[in-house]
2 protein chains.
Amino acid sequence: MSTISSRVAVAVHVLAFLAWKRGEPVTSETIAGSVNTNAVVVRRIVGALRNAGLVQVQAGAGGGAQLAREPNQITLLDVYRAVEEKEELFAVHQGSRSCCDIGGNIRSVLQRVFCRAHEAMQAQLSQTTIADVFRDVTGRTAQCAGEPSFAVPAGAASEA
Amino acid sequence: MSTISSRVAVAVHVLAFLAWKRGEPVTSETIAGSVNTNAVVVRRIVGALRNAGLVQVQAGAGGGAQLAREPNQITLLDVYRAVEEKEELFAVHQGSRSCCDIGGNIRSVLQRVFCRAHEAMQAQLSQTTIADVFRDVTGRTAQCAGEPSFAVPAGAASEA
DNA sequence: TGATCTGTAACCGGCGCGGCTACAAATGGC
DNA sequence: GCCATTTGTAGCCGCGCCGGTTACAGATCA
């Protein structure tokens with residue numbers, strides 16, 4: 001279980017919405033209407049996006065949030081890092097150091113392997129921008145192929 | 001936050017331990033000593049590995065778990081899929097369908113993008129085997145490629 | 001000044017996870 | 001057959017994260 005929190009998805013939604021309402025400040029209440037959540041939740045996420053320099057926010061009457069960059073200059077990796085401050089994707093337990101070679105040394109090995117996997121995921125995220133998402137969302141419900149193929153020799157080990 | 005549960009890390013640890021105690025059944029109590037956790041937790045994870053065909057388990061006196069494949073025939077992707085039945089890595093909210101184009105269509109777009117990222121991570125996991133982990137942990141190469149007793153596919157549950 | 005909007009703290013309920021106990025069932029030694 | 005060992009699994013608990021909500025101070029503009 002334990003998925004990555006929906007903050008990433010909500011943040012992408014917010015940025016796509018701001019790309020739509022280009023130029024005018026949008027209030028957290030309005031955004032919350034599209035995202036279908038609470039305005040405070042939106043403000044929390046917008047705050048993280050502001051800290052990352054992805055949006056500009058102005059308080060007070062007539063205020064709201066706007067994009068701080070061109071949509072094609074914001075990758076989903078930027079968004080991921082802005083709202084998910086986790087540094088490790090995989091949790092690693094603490095092996096028993098006084099038992100055997102395995103328990104004493106496996107932690108660092110696992111951290112290295114899992115870090116590579118995490119980086120591969122982030123590299124893929126960096127290939128998509130808010131502009132891409134905006135185009136796919138607004139452009140006539142672009143064909144949603146639900147079954148992507150797998151470019152991995154995974155079966156090699158699972159049947160051998 | 002919300003990391004992937006430590007079950008993956010524990011499962012890899014268990015398999016590396018079984019690769020070390022090659023040939024003899026190992027009890028959940030013994031494994032728990034190396035992993036530094038509870039025996040029931042180990043049994044839960046070993047059960048998942050058994051369902052995935054990665055280990056053989058025998059109940060009763062003198063029982064325990066053994067590898068069901070060569071260590072170099074078990075990838076971390078196999079392990080990940082065995083213990084983490086989650087199909088989606090990223091949680092995606094439900095946008096408001098009655099608001100605008102964004103809220104109504106973003107869900108499928110996000111699912112597609114996040115699915116690609118998830119697959120990239122899995123592809124990287126498939127590049128590492130239990131034999132690799134065992135070698136890195138112990139500094140030795142796994143004693144593989146000489147043990148014929150392990151090629152038994154399914155029918156022979158009891159050996160020796 | 002008053003209305004609007006952000007920023008943030010505080011609290012809540014839900015849920016996944018790991019640790020733990022307890023017990024039935026399977027298994028092998030005697 | 002009997003007993004010790006071990007798995008399998010059902011519960012229960014506490015912890016921590018997450019999203020939802022209320023409340024309120026500060027900023028901003030007409």
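This is a predicted model: local features need pLDDT of at least 70, side-chain atom pairs count only at pLDDT 80 or more; totals for chains, interfaces and linings use all residues.
## Two copies and how they meet

Residues are numbered from 1 along each chain as its sequence is written, and chains are lettered from A and ligands numbered from 1 in the order in which they are written.

Now to the interface. Chain B brings 64 residues to the contact and chain A brings 63 residues, where two residues are in contact if their C-beta atoms, placed from the backbone, lie within 7 Å. Of the interface residues of chain B, 81% are also interface residues in chain A, so the copies meet through the same surface.

On the chain B side, α1 (7–20), α2, α4 (76–83), α5 (101–125) and α6 (130–138) each supply at least two residues; helices here are DSSP runs (H or I, at least four residues), numbered from the N terminus. The largest share, 20 residues, comes from α5(B). By class, this side of chain B has 32 nonpolar, 23 polar and nine charged residues (Ala, Val, Leu, Ile, Met, Phe, Trp, Tyr, Cys and Pro count as nonpolar, Asp, Glu, Lys and Arg as charged, and the others, Gly among them, as polar).

Axes are lines fitted to C-alpha atoms over the stretch in contact, with angles from 0 to 180 degrees between N-to-C directions.

| Helix pair | Angle | Axes |
|---|---|---|
| α6(A) and α5(B) | roughly 110° | within 8 Å |
| α2(B) and α3(B) | about 105° | 8 Å apart |

α6(A) and α5(B) are therefore roughly perpendicular to each other (65 to 115 degrees). Here Val133(A), Asp136(A), Val137(A) and Thr138(A) of α6(A) meet Asp101(B), Ile102(B), Asn105(B), Ile106(B) and Val109(B) of α5(B). This contact has five nonpolar, two polar and two charged residues.

Within chain B, α2 (residues 28–35) packs with α3 (residues 39–51), and α2(B) is roughly perpendicular to α3(B). Ser28(B), Glu29(B), Ile31(B), Ala32(B) and Val35(B) of α2(B) make the contact with Ala39(B), Val42(B), Arg43(B) and Val46(B) of α3(B). By class, that contact has six nonpolar, one polar and two charged residues.

Technical notes: Angles under 35 degrees count as roughly parallel, over 145 as roughly antiparallel, 65 to 115 as roughly perpendicular and the rest as oblique.
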